[in-house]
Every structure is written in structure tokens, then in C-alpha cells.
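Hi everyone, thanks for coming.

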Amino acid sequence: MTQETILLKLGGSLITDKSQPGTARYELIERIASDLATTLYNRTEIRLVVGHGSGSFGHIPASVFGTRLGVRSQEEWLGFSTVWHQASKLNRIVVDALRHDGIPAVAFPPSAASLANNGKIEKWDTTSIKSALENGLVPVVFGDVVFDRSLGGSIVSTEDVFVFLAPDLQPSRILIAGIEEGVWEDYPACTSLLKTITPKSFKKLTSPISGSVHTDVTGGMETKVAEMLQLAQSLHGLQIRIFNGSRPGAISEVLEGKNLGTLVHA
């Protein structure tokens with residue numbers, strides 16, 4: 001049986017209430033974990049890496065302390081620690097939910113093993129993550145603080161993590177689950193959904209794309225799409241899908257190949 005590696009992001013807007021500091025959507029997280037457990041039981045060829053945003057846990061203190069822009073002063077390092085603590089709290093909630101449903105999840109925090117330079121991951125020995133996949137485990141990564149050669153400290157998004165991991169892990173698909181149906185051409189009116197985005201069509205967009213009114217220190221939808229387009233151009237055949245993960249069964253459907261949301265490809 002041919003195995004397929006998939007990177008799945010559970011967006012911060014999906015698993016937290018971004019308008020309320022430190023507020024997880026427990027029922028939704030538990031339902032997603034249950035759906036994933038069923039899918040992985042039935043589709044044993046899938047090797048899954050789960051990533052998640054930090055939502056109202058990490059983004060709010062990160063905005064207060066300006067952590068994404070660099071960490072130098074003692075106050076900023078205290079902020080760095082606060083952001084780490086909040087992001088880690090949400091990670092434990094996600095991992096606990098996955099394990100409750102029988103998924104052998106193991107967390108791999110970027111803060112513990114990676115080194116960034118000017119806000120981008122530069123070094124990370126991925127041997128342990130690959131070993132976890134080879135032995136039937138589910139690595140869980142997330143948006144996190146990182147030590148940074150140029151900035152002292154910074155923050156990397158889940159997309160930043162995926163961009164670094166993808167060349168090593170060679171996924172066939174990256175799936176990004178949020179609360180929007182996909183990428184809207186006219187957010188917040190949300191009347192025109194972009195079914196496909198390519199480098200060529202992205203350049204032709206007449207207005208910036210957006211997808212959130214809440215705090216996001218790692219950039220909005222346009223930043224995420226640009227990062228994913230660049231990655232798709234560097235990895236032949238990679239397909240990236242941005243979709244609404246809040247509907248019951250939606251994440252399982254996309255894992256099994258249903259074409260929901262917006263497809264991003266080269």
C-alpha cells in the first residue's frame with residue numbers, strides 16, 4: 001500500500017474563540033479528534049502531521065509584547081515566556097483530545113528544537129518527526145515562539161513550520177482548516193469564493209484577500225496564501241487546500257479527497 005503524507009492545520013480561528021483571550025472551542029476540538037480517529041483507522045495509508053494555530057491563546061499576548069518583531073529587553077523576554085506558555089496550553093488541549101480518541105499524538109514544539117533567522121526557521125533536525133511518522137505516530141506542531149539569530153526571539157506560524165518541514169517530509173497535500181469556506185475574493189462580503197489560486201491568478205487579483213477581523217500577529221489570509229503558493233512552486237505536485245473545518249465531517253471528507261474550499265497549486 002502506497003503511503004501518503006499529509007500536513008493538516010487546525011487554524012486558530014477554528015479551535016479557539018479569537019475574540020476571547022485563552023478560550024478554546026473544546027466541543028469542536030473533541031469532534032475533530034473523533035473524526036480524525038475514524039479516518040485514520042479506515043485509511044491506514046495516511047501518514048498525518050497535525051499543526052495548529054495558537055488563536056486567542058498566543059496571538060493576543062504576542063500582540064501586546066510585539067514578540068513577532070523581535071525580543072531584546074527583559075520585558076520582551078518575559079512576554080516571550082508568556083506567549084510560549086499560552087501557545088503550549090492550547091497545544092496540550094489539542095494533544096489531549098487526540099489521545100483521548102486513540103490517536104498516538106506526540107508534540108514537537110518549534111521552541112524546543114528549531115532556530116530561526118529574521119523570523120524564518122533556519123535549522124531544525126527533523127529526524128525525530130520522521131521517525132514518529134515511520135512508526136505510526138502523529139506528530140503535532142504548532143505556531144510557537146522561537147529563538148532567532150537576528151531578532152533574539154520571534155514567532156513562527158503553523159504555515160512557517162509547514163514551509164520548513166515540507167521539503168523533508170514530502171507531503172502530497174497540505175490542508176488548512178479554518179472557519180471560512182475558503183479564500184474569499186471579496187471578504188467580508190463573502191459572495192465570491194475563489195475555487196483555485198495559482199501564481200498567475202494571484203497576481204491578477206484586483207483587491208487584497210482577507211479572512212479575519214481578529215488579532216493575527218503572523219499575518220492575515222493574504223500572507224498565508226502567498227506562503228503556500230511559494231511552497232507549491234518549490235515542491236512538484238503539491239496541492240494545498242484551504243477550507244471550512246467547522247462543519248461536522250468536513251476535515252475527514254477533505255482528507256479522503258473531497259474538493260472543498262479553495263485549491264492552491266502551482
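I'll go through some helix packing, then a few loops, and finish with one more helix.

Some housekeeping. This is a predicted model, where local features need pLDDT of at least 70 and side-chain atom pairs count only at pLDDT 80 or more, while totals for chains, interfaces and linings use all residues. Residues are numbered from 1 along each chain as its sequence is written, and side-chain values use heavy atoms, with hydrogens and water left out.

When I say helix or strand, I mean DSSP runs numbered from the N terminus: H or I with at least four residues for helices, E with at least two for strands.

Let's start with H4, residues 74-100. H4 has 27 residues and reaches 39 Å from first C-alpha to last, close to the 39 Å expected at 1.5 Å a residue (that expected span is 1.5 Å times one less than the number of residues). Quite a few of its residues are buried, including Phe-80, Val-83, Leu-90 and Val-94. Buried means under 20% relative accessible area, exposed means over 50%, and partly exposed is in between, with a 1.4 Å probe and protein chains only. Just after H4, Gly-102 takes a positive phi of about 90 degrees.

So who packs against H4? Two packed helices are described by the angle between their axes and the distance between the axes. The axes here are lines fitted to C-alpha atoms, for helices over the stretch in contact, and angles run from 0 to 180 degrees between N-to-C directions. Under 35 degrees counts as roughly parallel, over 145 as roughly antiparallel, 65 to 115 as roughly perpendicular, and the rest as oblique.

Take H2 first, residues 26-42: H2 and H4 pack at about 45 degrees, with their axes 8 Å apart. That's why we call the two oblique to each other. On the H2 side, Tyr-26, Ile-29, Ala-33 and Leu-36 meet Ile-93, Val-94, Ala-97 and Leu-98 in H4, where contact means heavy atoms within 4.5 Å. What kinds of residues are they? Eight nonpolar, no polar and no charged. For that count, Ala, Val, Leu, Ile, Met, Phe, Trp, Tyr, Cys and Pro are nonpolar, Asp, Glu, Lys and Arg are charged, and the others, Gly among them, are polar.

Now H3, residues 55-65, whose axis comes within 8 Å of H4's and crosses at roughly 170 degrees. H3 and H4 are therefore roughly antiparallel to each other. Among the residues making this contact are Phe-57, Pro-61 and Phe-65 of H3, and Glu-75, Thr-82 and Lys-89 of H4. The H3 and H4 contact divides into seven nonpolar, four polar and three charged residues.

Over to the loops. Between strands S10 (183-184) and S11 (193-194) you'll find Cys-190, which is partly exposed at 24%. Leaving aside neighbours within four places in sequence, Cys-190 touches Glu-180 and Trp-184. Pro-188 is in that S10 to S11 loop too, and the peptide bond from Tyr-187 to Pro-188 is cis, with omega near 10 degrees.

In the loop between S4 (114-117) and S5 (120-124) sits Asn-118. Asn-118 has a positive phi, near 55 degrees, without being a glycine, and is exposed at 54%.

Last one: helix H9, residues 221-234, has 14 residues and reaches 20 Å, close to the 20 Å expected. Its buried residues include Met-221, Val-225, Met-228 and Leu-229.
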